[in-house]
Amino acid sequence: MMTDANKKTLADLKPGDRAMVDTVGGNDALHRRLLDMGLTPGVSVLLQKTAPMGDPVEIHLRGYALTLRLDDARNIGVRL
Amino acid sequence: MSANQEREKTGMSYVFALAGNQNSGKTTLFNQLTGSNQHVGNWPGVTVEQKTGTMIHHHHGKQAHIGLPSFGSRKPDTQTLPKEYTDVKIVDLPGIYSLSPYSMEEIVSRNFIVMDKPDVVINCVDATNLERNLYLTLQLLELGRPTVVALNMMDEVRHRGDTIDLVKMEQTLGVPVVAISARKGEGLDELVRRAMELADQKIYPRRLDICDGAAHKALHAIRHLIEPQAVAAGIRPRYVATKLFEGDEPLMEQLQLTPETRHIVDEILTAMEKELGMERAAVMADTRYRYIEKLLADCVTQGADVQGSASDRIDSVLTHRVLAIPVFLLMMLMVFYITFGPLGSFLADEFSALVQAGIDLVAAALLNWGVADWVRDLLVNGVLTGVGSVLSFMPTILILFLLLSILEDSGYMARAAFLMDKPLRKIGLNGRAFIPMMMGFGCTVPAVMSARSMNTQRDRRFTIMLTPFMSCGAKVPIYALFTRAFFGGNQVLVMSALYLIGVLMAVLAGLLLKRFAFHGDASPFLMELPKYRLPTARNVLRQLWDKGSDFLRRAFTVIFLATLVVWFLQSFTFSFKPAPDVQSSMLGSIAGLIAPLFIPAGFGSIEASTAVLTGIMAKESVVSTLAVLSGVDAQSAEMLSAIRGVFPSTLSAVSFLLFILLYMPCVAAFAAMRREMESGRVAFFTVLSQTGVAWLVATAVYQVGRLLGLG
């Protein structure tokens, strides 16, 4: 499942932005890992912060904190 | 051994599996339930660590004072359990978030529960983080074994003012739910009692209907379709159907489904995907999470979030945009300073002195008793020196792991990985590789051992391959001697250059390994950032004990044997007569044989080659070997001119230094590498290529230097 170019992904969010997950892509393993960690369509996520060097990012969802790389975050389409 | 075989062997005994997320406090619970009766091994066929232990009973121990209603009005049994039940084996499954087939840890866990059929599955759940933790719970329930859910960290839940309706949760999930605090040892009696009850009465969880609509229809259809195959394979049809729903390839192969069946399953799912507009794995994950959301809405009442905000405040400093890196570097510097600085050196030296005093005492006693010279030499210079060299690593290892386990347990280690991920990713590693790399500047042995915190074998091996390029502390005296002899006035510059060259070589090796050896399957860096918690002394000491005893047990044999071999080689000639000096010993002869190999690198003398060989034993030996072979005292002024005699030019000295910097680490490090890489072959290949690289670099520098007229 590809997200088209002009759609927003998790990687486009700024610290403090809250968004709703729309689509979850990635290859088999990554796709399943993202889903398992709770990044399912419809879930609300908060981009808490980016690491001092700009990557990875820390997001809050389902009552816990998760860190992932921008490369992987680009597989998650979001709606603001 | 399967749970069934285990049962047959031991008569009336049970096997409990302990399952849960990482950071759920599972290890603490395991330690509480088993005390010191633990055994660490590997799962058969794979290199995932398996911990098993024998359960100690809590009926006479600390009682539960958790202040929360326990389900059912039954009072805890005051009488002791029947004697034959005292033997409960607990198998600690790896910390996992799901039962998908994409990691070894998850496959091992589900295979154990499905195939070995443990009597009870104890699911350790972080009650402060229920939504994600219960995701695994739902999957464990699909497996159909008697299950008890242990809601851990209930003290924290209570502290922040939340309440969880255990009765309602128990009724909804259909399995016992027990409130515990593994850190405080609360609620464990009740947990054990409920688990025993499940085992005695063989109470299986009822089927949970978590899905609705199109998903439900699809699941139902698949279940009917594959029921015969599932029953034939002895696996619960419900579980099989769910896994096929998620597109689980390993299970399809295990059941040997016909192409037709696979096709029908696919048709059913494709139709469902069309109807729901969502891909199949997403549908299942979404279904589970929606079920959990509803469950939590029914069972949890939230209070003011006291603990959480404290954790957030700590984090706003520790991962602050500007402060994070300085704070991190300061922390790492502190760990390094305490481990290898005055305190660490003091303890290490005192301990070594103590060991040496012991050896001297034995040596004197042997002399007194008139034991034959060669026996005394074997015992003192072979056996005891070997034992001493193993023991001398202990203080360093214990201090380092004391500090590292405090960082790990407090939750800071995950943040360190978060901070350092970006630079390390460039060479194919992730943030967690920073600690082993930095420790490598102190001592390669604990550095290699600290790589165990990395999640996959690929990452561990990759990191360990690069760690020896960080110039270890034992090489400093070599550099110091050579810079004094050849670069008077430029010591700092030369030393810094050597360290930098080591790091650059690691980066280069990393890039090459990423390109040619470890491409592809890097596991995604998807990591939970746990709440900050105060480490408990109990857990920290436990880890210290595990590391220390593990090091002694594993490293002893290799280092010990190596010491004996070297003693033998330098004490005897090839005709097995005592060697009058090192030159005429077997070691000297071997050095003479390999010396020509180093002529292209500019240090083809027997002295240099012998030093290279003894350096494999310990880098500390390089200087003393050169001193002994030159017939001077290592601390004396003549040492400098002796060294200048062995190395005819500055260029050859530089070449030798580069070789010492880059070639294989000592046997103690090799023993640690072999253990942590889980393969003697890979470890051997690693040190062999390091030696090859060292030779190439030394030779290239020497030859180019000569062409430039520097020789």
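B:Asn23 is placed in the loop that runs between β1 (14-20) and α2 (26-34) of chain B; helices (H or I, at least four residues) and strands (E, at least two) are DSSP runs numbered from the N terminus. This is a predicted model, in which local features need pLDDT of at least 70, side-chain atom pairs count only at pLDDT 80 or more, and totals for chains, interfaces and linings use all residues. Residues are numbered from 1 along each chain as its sequence is written, while chains are lettered from A and ligands numbered from 1 in the order in which they are written.

Although B:Asn23 is not a glycine, its phi is positive, about 65 degrees. A residue is buried if 20 or more other C-beta atoms lie within 10 Å of its own, exposed if 12 or fewer, and partly exposed in between, with C-beta atoms placed from the backbone.

B:Met153 sits in the loop between β6 (147-152) and α5 (154-159) of chain B. B:Met153 is not a glycine either, and has a positive phi of about 65 degrees. B:Met153 counts as buried because 26 C-beta neighbours lie inside 10 Å.

## Chain B as a whole

Chain B contains 31 helices and 10 strands. Along the principal axes, its C-alpha atoms fill a box of roughly 85 × 60 × 50 Å. Chain B has 711 residues, of which 45% count as buried.

Two residues are in contact if their C-beta atoms, placed from the backbone, lie within 7 Å. Taking the contacts in chain B between residues at least 6 apart in sequence, 71% join residues at least 24 apart.

## Helix packing in chain B

Helix α14 (residues 324-340) and helix α15 (residues 342-368) of chain B pack at an angle of about 25 degrees, their axes 3 Å apart. Axes are lines fitted to C-alpha atoms, for helices over the stretch in contact, and angles run from 0 to 180 degrees between N-to-C directions. α14(B) is therefore roughly parallel to α15(B); angles under 35 degrees count as roughly parallel, over 145 as roughly antiparallel, 65 to 115 as roughly perpendicular and the rest as oblique. α14(B) contributes B:Ile338, B:Thr339 and B:Phe340 to the contact, and α15(B) contributes B:Leu343, B:Gly344 and B:Ser345. By class, this contact of α14(B) with α15(B) has 3 nonpolar, 3 polar and no charged residues. In these classes Ala, Val, Leu, Ile, Met, Phe, Trp, Tyr, Cys and Pro are nonpolar, Asp, Glu, Lys and Arg charged, and the others, Gly among them, polar.

Helix α22 (residues 476-486) and helix α28 (residues 638-646) of chain B have axes that come within 9 Å and cross at roughly 85 degrees. That angle makes α22(B) roughly perpendicular to α28(B). The contact is formed by B:Leu481, B:Phe482, B:Arg484 and B:Ala485 of α22(B) with B:Leu640, B:Ile643 and B:Arg644 of α28(B). Its residues divide into 5 nonpolar, no polar and 2 charged.

B:Arg376 belongs to helix α16 (residues 373-391) of chain B. B:Arg376 is partly exposed, with 17 other C-beta atoms within 10 Å. Apart from neighbours within four places in sequence, B:Arg376 is in contact with B:Ala363, B:Leu366, B:Leu367 and B:Val371. B:Gly592 is 216 residues from B:Arg376 along the chain, and their C-alpha atoms are separated by 28 Å.

Helix α17 (residues 394-410) of chain B has 17 residues, which at 1.5 Å a residue should span 24 Å; its end C-alpha atoms are 24 Å apart, in agreement. The expected span is 1.5 Å times one less than the number of residues. The buried residues of α17(B) include B:Pro395, B:Ile397, B:Phe401 and B:Glu408. B:Gly411 follows α17(B) and has a positive phi, near 95 degrees.

## Chain A and its contact with chain B

The contact between the chains takes 31 residues from chain A and 29 residues from chain B. On the side of chain A that touches chain B, α1 (28-36) and β4 (64-68) each supply at least two residues. α1(A) gives the largest share of that side, 7 residues. The residues of this side of chain A divide into 15 nonpolar, 7 polar and 9 charged.

β4(A) pairs with strand β10 (residues 527-528) of chain B in the antiparallel sense over 2 bridges; two strands pair if DSSP finds at least two bridges between them. The bridge partner of A:Leu66 in β10(B) is B:Glu528.

A:Pro56 lies in the loop between β2 (44-50) and β3 (57-61) of chain A.
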